[in-house]
Amino acid sequence: QDRYRNNPRRDARPPKPVRSIAQKLVGEVATVKIRNSNENTESAGKGRPGILLREVDGHFDVMGLSRQGEYKTSGAARTPITDHAALGLHVPGHYWGDKPTPMSRADIDVHIGWVSHAALADMRKLGIQLPAEAWTALDARADKHHPKKPKEGTDSGARDAAKPEPAPRAG
């Protein structure tokens with residue numbers, strides 16, 4: 001029995017945010033459980049955002065993301081994310097490192113967003129080693145969710161300029 005059923009303020013409460021389960025697709029940004037054995041050998045993993053880079057034999061290679069601007073152990077600076085909002089993140093962040101982390105499908109949880117062209121450029125600058133077909137799949141996912149706008153003076157702009165203007169209406 002719902003004891004709040006007849007409460008007039010029940011409908012006035014804001015709805016809880018809907019958490020959508022990750023689709024577990026290449027290019028998805030999702031909450032993942034990364035185990036950091038360098039800083040804590042007993043670590044069970046910490047939930048943080050990550051970009052699913054490619055699927056290999058039932059697991060994913062993931063680029064972890066962090067709000068920390070430097071590594072705790074060495075103090076070295078991490079690479080900042082160029083456009084965090086495009087990834088679905090609410091706050092600025094940094095790439096976890098320069099190597100993907102293998103991740104079990106069971107450790108991928110909540111959908112956050114999709115990889116962007118800016119994030120792919122960042123990861124290429126970091127020197128992330130992925131096969132060409134993985135980069136192609138990531139580029140396709142970024143194109144699908146963050147289509148590039150045509151630049152002025154490109155073919156699409158020329159086609160628009162070549163369209164005849166509509167004839168004036170009599171009247």
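**Start at Arg124**

Select Arg124 and show what surrounds it: leaving aside neighbours within four places in sequence, Arg124 is in contact with Trp135 and Asp139, where contact means heavy atoms within 4.5 Å. Arg124 is found in helix α1, and helices (H or I, at least four residues) and strands (E, at least two) are here DSSP runs, numbered from the N terminus. With a relative accessible area of 39%, Arg124 is partly exposed, a class that lies between buried (under 20% relative accessible area) and exposed (over 50%), using a 1.4 Å probe and protein chains only. If you draw a distance between C-alpha atoms, Arg124 and Trp135 are separated by 9.3 Å, although they are eleven residues apart along the chain.

Before going on, note that this is a predicted model, in which local features need pLDDT of at least 70 and side-chain atom pairs count only at pLDDT 80 or more, while totals for chains, interfaces and linings use all residues. Residues are numbered from 1 along each chain as its sequence is written, and side-chain values use heavy atoms, with hydrogens and water left out.

**Next, helix α2**

Select residues 132-145, which form helix α2. Which residues of α2 are buried? They are Ala134, Trp135, Leu138, Arg141 and Ala142. Seen down the axis of α2, these buried residues fall within an arc of 125°, so they line one face of the helix; the arc is that of the directions from the helix axis to the C-beta atoms. On the other side of α2, Ala132, Glu133, Thr136 and Lys144 are exposed. The buried residues of α2 pack against β2 (46-56), β6 (108-114) and α1 (117-126).

**Then the core**

Now select Ile51 and Met123, the residues with the most contacts inside the largest nonpolar core, which has 29 residues. Such a core is a set of buried Ala, Val, Leu, Ile, Met, Phe, Trp, Tyr and Cys residues joined through side-chain atoms within 4.5 Å. The elements that give two or more residues to this core are β1 (28-34), β2, β3 (59-66), α1 and α2. Not counting residues up to four places away in sequence, Ile51 touches several residues, including Val62, Leu87, Tyr95 and Met123.

**Last, the whole chain**

Zoom out and colour by pLDDT, the predictor's confidence in each residue, from 0 to 100: the mean for the chain is 81, and 70% of its residues reach 70 or more. Over residues 156-168 the pLDDT is below 50, and beyond near neighbours in sequence this stretch has one contact in the model.

How values were computed: Expected span 1.5 Å × (residues − 1).
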